[in-house]
Amino acid sequence: MEVLGGLESGQLLLIAVGVAILGYTYTILSNPLARLPGPWYTLWTETILKYNVVRGQRPQWVHSLHEKYGTVVRITPKEVSIQDPNAVQQMYQIKGEFLKSQFYEVFLPGNKNVFSTTDVNYHRRHRKLLASEISESGLAVHRPTVDDKVRMAIEGMAEEMEKRGATDVYRWSLYMATDVIGELSFGSSFRMLESREETQYTRDLKLIAFAGGLRSTFPFLMKVTKYVPLPVLSIGTQIRERIRVYATQALSRHYKIVEEQGRNAKPTLLSKLYRATEDDKDMLPFDELREDAMAYIAAGSDTTTNTLTYLIWTLCKHPDIKAKLLAELNTLPDGFTDLDLKKLPYLDHVIQETLRLHSAAPSGLPRVVPQGGATLAGHFIPGGYTVSAQAYSMHRNPAVYPEPLKFDPSRWENPTRAMKDAFVPFGGGSRICLGLHLAKMELRLATARLFTRFPNATVSHLEGFTDEDMVPIMFFLMKPKSQRCLIDAH
Ligand code: HEM
């Protein structure tokens with residue numbers, strides 16, 4: 001059949017396909033990110049990145065690209081990863097902000113919270129209501145509570161060592177961090193240190209970052225799970241719903257305490273936020289309070305747990321470093337408190353080095369380049385594109401940290417400007433971790449109490465435990481792949 005100027009329909013179809021391919025190729029090649037270093041396929045597809053997210057290997061994969069292509073690398077047709085200390089300061093600055101990308105709202109869908117919101121005004125309002133209670137001075141009132149939880153965890157470890165021949169410091173760290181954030185936020189904890197049992201709650205906490213990572217990577221599939229059950233993905237929705245219930249229950253307990261004790265009730269990390277719901281419900285509805293409570297529960301337990309676990313394990317594997325720390329701990333007065341620990345330089349260097357080499361949040365923290373674009377590490381990136389820096393690569397840059405894979409606390413004795421700029425375990429700028437002072441307090445107290453109690457601590461090989469168990473798996477947050485870490489002190 002003749003159709004147009006003697007061309008047959010088959011030929012027309014071929015021409016149409018050819019034009020479509022040319023058009024598509026032109027669109028791809030005219031992408032401004034085409035000029036940036038990176039493997040050819042990252043210009044065409046996000047598939048390889050997504051594949052590595054699902055494997056829990058995104059940071060390692062992005063890092064391998066930095067090793068091959070340098071400090072600026074295209075990782076998808078729309079996103080660039082940066083490994084440069086000056087550029088990272090520019091991306092996570094407070095003024096002229098690079099806003100959080102949509103990744104976060106998909107990571108934590110439903111109602112937004114102080115961590116996930118991309119709305120500047122919402123964030124400012126919430127952060128202002130939360131900041132003073134969790135600041136270094138605001139936390140002073142909570143020091144004894146944190147110390148109590150640490151001591152309970154150490155007691156639990158001692159008992160377990162007696163009975164089992166080793167203790168799982170991952171488990172005790174999780175119980176400790178969970179009870180600390182519960183007690184400080186709601187005035188009553190989840191009592192993990194007392195019940196000492198794996199519950200649905202702790203199982204959910206362990207999986208929350210995995211679920212969030214999957215959601216952000218496959219937003220389309222998440223919509224489909226509403227209609228077609230996809231077990232792996234719908235698990236994330238179920239966890240989130242359960243955490244919402246935990247937060248509601250914890251807040252109800254908190255309301256009860258406040259009702260009984262009035263304004264004499266012990267302040268909590270959420271006190272100001274709580275008062276804002278009481279005094280002016282229009283300013284802060286209950287739902288918004290509950291969502292921030294959920295953010296605290298999720299952000300405040302897994303991160304500290306994993307950092308502490310890697311710190312203890314690493315020191316048990318490096319007797320020389322442990323001995324140096326013990327010598328410093330020996331100078332402490334009897335009945336020392338966190339105020340004494342803050343004065344110990346080597347303890348601080350050990351914590352810094354753990355945060356560097358075993359960053360609990362190793363993945364890229366995506367930000368949108370503002371209108372007008374930005375030049376980062378010598379490369380112009382137009383407005384609207386996504387840039388991210390990942391602690392995993394920032395902290396392994398050999399130009400900044402010589403012998404980056406070596407655990408060497410003494411490198412922090414005289415840190416260079418580049419070392420300080422490149423150090424981003426808590427993110428940066430206006431979205432820097434709200435809980436960093438609390439996390440550091442927990443890390444100081446737990447490290448000092450554990451090693452003064454068990455100076456002979458070593459890695460245990462009970463029940464087939466080996467270094468292989470500690471290989472990290474990275475779903476936005478990082479954890480040891482078998483979620484256990486056995487040590488012994490006999
Ligand atoms: C060693 C432990 C911790 C690490 C490594 C860590 C890491 C981080 C990082 C990297 C961010 C920035 C995320 C981004 O920009 O996308 C962040 C934000 C946040 N963290 Fe932490 N965190 C830790 C402990 C805590 C604790 C104990 C809390 C307790 C409440 C907490 C609460 C938060 C909150 C609320 C945010 C959001 C801040 C905002 O967007 O304004 N974190 N954390």
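Before anything else I needed the rule for a patch: its residues have over 30% relative accessible area and no salt bridge, with like charges joined within 9 Å and nonpolar side chains (Val, Leu, Ile, Met, Phe, Trp, Tyr) within 5 Å. A salt bridge is a side-chain nitrogen of Lys or Arg within 4 Å of a carboxyl oxygen of Asp or Glu. The areas come from the Shrake-Rupley method with a 1.4 Å probe, and for residues only the protein chains shown count as cover.

I also noted that this is a predicted model, where local features need pLDDT of at least 70, side-chain atom pairs count only at pLDDT 80 or more, and totals for chains, interfaces and linings use all residues. Residues are numbered from 1 along each chain as its sequence is written, and side-chain values use heavy atoms, with hydrogens and water left out.

**Surface.** I found a nonpolar patch made of Y24, L29, W40 and W44, with about 500 Å² of accessible area together. L29 sits in helix α1, residues 9-29 (helices are DSSP runs of H or I, at least four residues, and strands are runs of E, at least two, numbered from the N terminus). L29 counts as exposed because its relative accessibility is 52% (exposed is over 50%, buried under 20%, partly exposed in between, with a 1.4 Å probe and protein chains only).

**Ligand.** I counted what surrounds the ligand and got 28 residues, the closest being Y104, H123, R127, R367 and C433 (near means a heavy atom within 4 Å). Then I checked distances from polar side-chain atoms to an oxygen atom of the ligand: 2.7 Å for R127, 2.8 Å for R367 and 2.9 Å for R431.

**Rings.** Rings of Phe, Tyr and Trp (its six-membered ring) pair if their centres lie within 6.5 Å; planes under 30 degrees apart are stacked, over 60 edge-to-face, the rest tilted. That rule gave me nine aromatic pairs. F115 and F476 have centres 6.5 Å apart and planes at 65°, so I wrote them down as edge-to-face. They are 361 residues apart, with F115 in the loop between α5 (103-107) and α6 (120-131) and F476 in the loop between β12 (472-475) and β13 (477-480). F115 is partly exposed at 28%, while F476 is buried at 10%.

W172 and Y175 are also edge-to-face, with centres 5.7 Å apart and planes at 80°. They are three residues apart in helix α8 (residues 169-186), so about one helical turn separates them. W172 is buried at 2%, and Y175 is buried at 0%.

Last entry: F103, Y104, F115 and F476 form one aromatic cluster.

Technical notes:
A polar contact is a pair of N or O atoms within 3.5 Å; within protein, one must be able to donate a hydrogen and the other to accept it, and residues adjacent in sequence count only if both atoms are side-chain atoms.
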